[in-house]
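Please look over the protein shown here together with its ligand.

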Amino acid sequence: MKRIVTIQDISCLGKCSLTVALPIISAMGVEAAIIPTAVLSTHTMFKNFTFKDLDDQIVPIANHWKNENLKFDGIYTGYLASSEQIKTVMGVIDMLKGDNTLVVVDPAMADNGKLYPAFDDAFPKAMAKLCGTADIVLPNITEACFMTDTEYKEDYDADYINALLKKLAAFGCKKVVLKGVNLDGKYGVLSYDCESGEIKSYFHEKLSRSFHGTGDIFASTFVGAVMRGMDMEESVKLAADYTVECIRKTIDSETPNWYGVDFEAVMGFLVNRLK
Ligand code: PXL
C-alpha cells in the first residue's frame, strides 16, 4: 500500500484540511499519515475560532519518523498557518523526501480575489517558495495571482492564463494544476507541464453554488488518485468529478456554505471510480 504524509491544520469542525484529507485518502486505499500543523475550533471563515499552532511539534514528529527510517511515497501540504511555519515545513519535506517521493503543494490561502483572513501580505511570497520545491502545485486563480503579483481578474482571456501558468512554472515546480478556470464559456482545470509547456484542459459542469473546503476535496482526491497509479489527466478528472459530485449532493442544503460539502454521502462515487 502506498503511504503519504499530509501536512496541514486540523480544523475541528467545518469540513476542510485534515478532516477531509484523512477520510478521502484512506477511502482511496492509500495510507495517510499526518503532521497536524495547528488546531483550530473551526476553519477561519467562522467567527471567533480558537487557534493553537503546533510549530514546536512539527520537526520532532519528522525526526522520530526519520529515526525509524519511515518512507513516504508522497508528501501533500495544504493550509499552513504562517510564513515561519512554511519554512519549517520546507525543512521537514527535505528530511522526509526520498528519491521517489512525489511532493504536492496546495497553496490553500485565498479564493475569490481575497486572501484568507489569517494571512499577511508576506505570506504569498513564502508560499511561492514552497511551491517552487514541489513536483505538482494546485492553485486556484486567486492564489496564482497573489503568488505571481498578477492583477486578479474575473474576466480574462487565454493569454492571461498562459502568462499566469508561465509565472508559476518559473518558481521551479514541475507541473501546475490551475483550478477554477473560465475560458470561452467553459469552466474547469488546466494542467501545465512546466518542462514541455504542454497544456491540457478538463472542462466540467459549473454548479450554481460554491462551498468552503472544496479545494481540499480536490487536492485530497488528486493525491489519492496519483498514488493509485492514475496519470495526471485521469487524476485531475477524478478530482474534479468528485468535487462536482460533492457540490451537487450539497447544493439544496440549507446549511451555510462555510460548513463545507457532504463529501461523505458520495464516497461511493469516488471508490467506484478507482480501478
Ligand atoms: O480549506 C482551506 C482551509 C484550511 N484550513 C483552515 C482554513 C481554510 C480556509 O479558510 O481557514 C484553517
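The sections below begin with the basis of the model.

## Basis

This is a predicted model, in which local features need pLDDT of at least 70 and side-chain atom pairs count only at pLDDT 80 or more, while totals for chains, interfaces and linings use all residues. Residues are numbered from 1 along each chain as its sequence is written, and side-chain values use heavy atoms, with hydrogens and water left out.

## Sheet

Nine strands form an open sheet with mixed pairing, in the order β3-β2-β1-β4-β5-β8-β9-β10-β11. Its edge strands, each pairing on one side only, are β3 (51–53) and β11 (199–203). Strands are DSSP runs of E with at least two residues, numbered from the N terminus, and two of them pair if DSSP finds at least two bridges between them.

Strand β10 (residues 186–193) is antiparallel to β11, with five bridges between them; Y192 stands opposite I199 in β11.

## Ligand site

The residues around the ligand (a heavy atom within 4 Å) include D9, S11, C16, H43, T44, Y116, H212 and D216. A side-chain N or O atom of D9 is 2.8 Å from a nitrogen atom of the ligand. An oxygen atom of the ligand lies 2.6 Å from a side-chain N or O atom of T44, and a polar side-chain atom of D216 is 2.6 Å from an oxygen atom of the ligand. Of the 320 Å² of accessible area (Shrake-Rupley method, 1.4 Å probe) that the ligand has on its own, the protein covers 99%.

## Surface

W258, in the loop between α8 (232–250) and α9 (267–272), has a relative accessible area of 37% and is therefore partly exposed, a class between buried (under 20%) and exposed (over 50%), using a 1.4 Å probe and protein chains only.

Technical notes. Helix = DSSP H or I, 4+ residues; strand = E, 2+ residues; numbered from the N terminus. Polar contact = N/O pair within 3.5 Å; in protein donor to acceptor, adjacent residues only side chain to side chain.
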